[in-house]
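Subject: Structure handover

Hello,

Here is the structure I said I would pass on. My notes on what was found in it follow below.

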Amino acid sequence: MPLKPFETLAQEEDNSGSETVADTRINYDDAIQYWSSVPASVNGVLGGFGEQTPVPKADIIGSSTFLRKLSSRMPCPEGQQKLTIDMGAGIGRITRDLLWKVSDKCDLLEPVKPFVEQMRLELVPVAQKGKLGDIYDIGMQEWTCDEGKKGKYWLVWCQWCVGQLPDKELVEFWRRCGEALMENGTMIVKENIAPVDDIFDETDSSVTRTDKKFRELFIAAGFKLIGSDVQKGLPRELYPVRMYCLKLA
């Protein structure tokens, strides 16, 4: 799910109706078909805001700064591994540029086959450092934490991907993420924010949610919000991007 420009969503907003209608229009097959047609590149996964723009660098700097602010709230028990999973990972850009640096091992989940193929190439340096874990080529709605990893993840990272899940399925997914987290583990959600109502985007069959809706769904999934910030340095034509740090309630 790419960054969302104002003009793209403004066109969809007139047709989206209520918040309830917006998420019911999501179709997984349409989403996979769209993303499979997109180039397996940074420019492709970011909807045209690739390395020729300031977006990728600003994104990583913003996420890194957010994690540093929260470092005292994210301790890992002595003797345990800092195991991270990058959900809806695309070609592995975030793991490649950030997550391996703060983790001992990084798993990734991505259902789009061309992205997974490119991911394996992008993450060769991470693998060479011994930090690449398992790659799950399935959708978030299909994912269940491996029995041997339940309660073992230090960090679950969800960025520009949860708009592909309807509200009910998203809550169920986040509950499974909660089962995956170690005691005092952390989930980070980083997403585009709609200004008034949830908005359906026909291009990739996704929903851009409001801040209010996110906070409601966090509670429904059993999480409490311990920190939030707005991503800085993005082009003005984009909807705001907000980062949320969550712990199990």
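The axes of helices α5 and α6 come within 11 Å and cross at roughly 25 degrees. An angle under 35 degrees counts as roughly parallel, and α5 and α6 are therefore roughly parallel to each other. Their crossing is right-handed. On the α5 side the contact is made by P56, D59, I60, S63, S64 and L67, and on the α6 side by R93, I94, D97, L98 and V102. Please keep in mind that this is a predicted model.

Helix α5 covers residues 55-69. At 1.5 Å a residue, its 15 residues should span 21 Å, and the C-alpha atoms at its ends are 21 Å apart, so the two values agree. The buried residues of α5 are V55, P56, A58, D59, I60, G62, S63, F66 and L67. An α-helix has 3.6 residues a turn, so residues three or four places apart point the same way. Besides α6 (93-102), the buried residues of α5 pack against α4 (42-45), β4, β5, β8 (223-230) and β9.

The crossing of α9 and α10 is right-handed. In α9, the residues D167, L170, V171, W174 and R175 meet K213, F214, L217, F218 and A220 of α10.

Next, the nonpolar cores. The largest one has 31 residues, and M87, C158, F173 and W174 have the most contacts inside it. The elements that give two or more residues to this core are the strands β1 (83-87), β4 (153-159), β5 (181-192) and β9 (241-248), together with the helices α9 (167-180) and α10 (211-220). Helix α9 provides the largest share of this core, six residues. Another core, of 25 residues, lies apart from the largest one, and L70, I94, V116 and I135 are among its members.

What does C158 touch, not counting residues up to four places away in sequence? C158 touches M87, F173, W174, M187, I188, V189, K190 and E191.

I85 is in strand β1. Is I85 buried or exposed? Its relative accessibility is 0%, so I85 counts as buried. I85 and V156 are 71 residues apart along the chain, while their C-alpha atoms are separated by 5.1 Å. Neighbours within four places in sequence aside, I85 is in contact with D107, L108, Y136, W143, Y153, L155, V156 and W157.

Two residues have backbone angles to look at. W160, in the loop between β4 and α9, has a phi near 50 degrees, a positive value in a residue other than glycine. The relative accessible area of W160 is 5%, so W160 is buried. N184 is not a glycine either, and its phi is positive, about 65 degrees. The place of N184 is in strand β5. At 41% relative accessibility, N184 counts as partly exposed.

Regards

Technical notes. Residues are numbered from 1 along each chain as its sequence is written. This is a predicted model: local features need pLDDT of at least 70, side-chain atom pairs count only at pLDDT 80 or more; totals for chains, interfaces and linings use all residues. Side-chain values use heavy atoms; hydrogens and water are left out. A nonpolar core is a set of buried Ala, Val, Leu, Ile, Met, Phe, Trp, Tyr and Cys residues joined through side-chain atoms within 4.5 Å. Buried means under 20% relative accessible area, exposed over 50%, partly exposed in between (1.4 Å probe, protein chains only). Helices (H or I, at least four residues) and strands (E, at least two) are DSSP runs, numbered from the N terminus. Contact means heavy atoms within 4.5 Å. The expected span of a helix is 1.5 Å times one less than its number of residues. Axes are lines fitted to C-alpha atoms, for helices over the stretch in contact, and angles run from 0 to 180 degrees between N-to-C directions. Angles under 35 degrees count as roughly parallel, over 145 as roughly antiparallel, 65 to 115 as roughly perpendicular and the rest as oblique. A crossing is left-handed if the near helix is turned anticlockwise from the far one by less than a right angle, and right-handed if clockwise.
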